[in-house]
Amino acid sequence: MATETFTWERQAGAVGKISYRVLETKFGDGYAQVIPDGLNTKTQTWPLVFEGNMNYIKPILAFFERHKGAKSFYWTPPGEDQPLFFRASELNLTSIGAGVYQLSAEFKQVYYP
């Protein structure tokens, strides 16, 4: 099965976290040596929220169910020119009243399909 692309619009205001994986060795005199750890040292996480009626939320839930938290998908985060691989292994569904729901998920960048 080909990798799917996540295309639903998120709510505004998402704050992504960008981390760089490094190896650091500290010495007794306060000096430290720091180098990148591996080839893909940059990772991003994005806590996203989707809001709407159940007709809007159900296809998003079905998308995540197909991936079961383990299979990655394409998504283009803000500031990127092309889609990257992400996974979402935990969801929160909240009824906020009058048939309106909020679905939240944390997208974590991965480097394999």
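Biologist: How many salt bridges does a search of the whole structure find?
Modeller: The search turns up five salt bridges. Keep in mind that this is a predicted model.

Biologist: OK, what does Arg 66 form a salt bridge with?
Modeller: Its partner is Glu 4, and the closest N and O atoms are 2.8 Å apart. That pair links distant parts of the chain, with Arg 66 in helix α1 (residues 54-67) and Glu 4 in the segment before β1 (17-20). The two are 62 residues apart.

Biologist: Next one. Which residue does Glu 80 form a salt bridge with?
Modeller: That would be Lys 42, with 3.5 Å between the closest N and O atoms. Glu 80 sits in the loop between β5 (73-75) and β6 (84-87), while Lys 42 is in strand β4 (residues 42-52), so the bridge ties together parts that are 38 residues apart in sequence.

Biologist: What's the relative accessibility of Glu 80?
Modeller: Glu 80 comes out at 25%, so it counts as partly exposed. Lys 42 has a relative accessible area of 27%, which means Lys 42 is partly exposed too.

Biologist: Let's switch to aromatics. How many aromatic pairs are there?
Modeller: The count comes to 18 aromatic pairs. One of them is Phe 6 with Phe 107, which is edge-to-face. Their centres are 5.1 Å apart, with 90° between the planes.

Biologist: Where are Phe 6 and Phe 107 in the chain?
Modeller: Phe 6 is in the segment before β1, and Phe 107 is in strand β8 (residues 100-109). They are 101 residues apart, so this pair links distant parts of the chain.

Biologist: Are those two buried or exposed?
Modeller: Phe 6 is at 4% relative accessibility, so it counts as buried. Phe 107 is at 0%, so Phe 107 counts as buried as well.

Biologist: What about the rings of Trp 46 and Trp 75, why is that pair edge-to-face?
Modeller: Because their planes are at 70°, and an angle over 60 degrees counts as edge-to-face. The ring centres of Trp 46 and Trp 75 are 6.0 Å apart. This pair also links distant parts of the chain: Trp 46 is in strand β4 and Trp 75 in strand β5, 29 residues apart.

Biologist: Buried or exposed, those Trps?
Modeller: Trp 46 is buried, with a relative accessible area of 7%. Trp 75, at 6%, counts as buried too.

Biologist: And which residues form one aromatic cluster?
Modeller: The cluster is made up of Phe 6, Trp 8, Trp 46, Phe 50, Phe 63, Phe 64, Phe 73, Trp 75, Phe 86 and Phe 107. Both edge-to-face pairs we went through, Phe 6 with Phe 107 and Trp 46 with Trp 75, have their residues in that list.

Biologist: Last thing. Where does Thr 3 lie?
Modeller: Thr 3 is in the segment before β1. At 24% relative accessibility, Thr 3 counts as partly exposed.

Biologist: What separates the C-alpha atoms of Thr 3 and Ser 72?
Modeller: A distance of 7.3 Å, with the two residues 69 residues apart along the chain.

Methods: Residues are numbered from 1 along each chain as its sequence is written. This is a predicted model: local features need pLDDT of at least 70, side-chain atom pairs count only at pLDDT 80 or more; totals for chains, interfaces and linings use all residues. Side-chain values use heavy atoms; hydrogens and water are left out. A salt bridge is a side-chain nitrogen of Lys or Arg within 4 Å of a carboxyl oxygen of Asp or Glu. Helices (H or I, at least four residues) and strands (E, at least two) are DSSP runs, numbered from the N terminus. Buried means under 20% relative accessible area, exposed over 50%, partly exposed in between (1.4 Å probe, protein chains only). Rings of Phe, Tyr and Trp (its six-membered ring) pair if their centres lie within 6.5 Å; planes under 30 degrees apart count as stacked, over 60 as edge-to-face and the rest as tilted.
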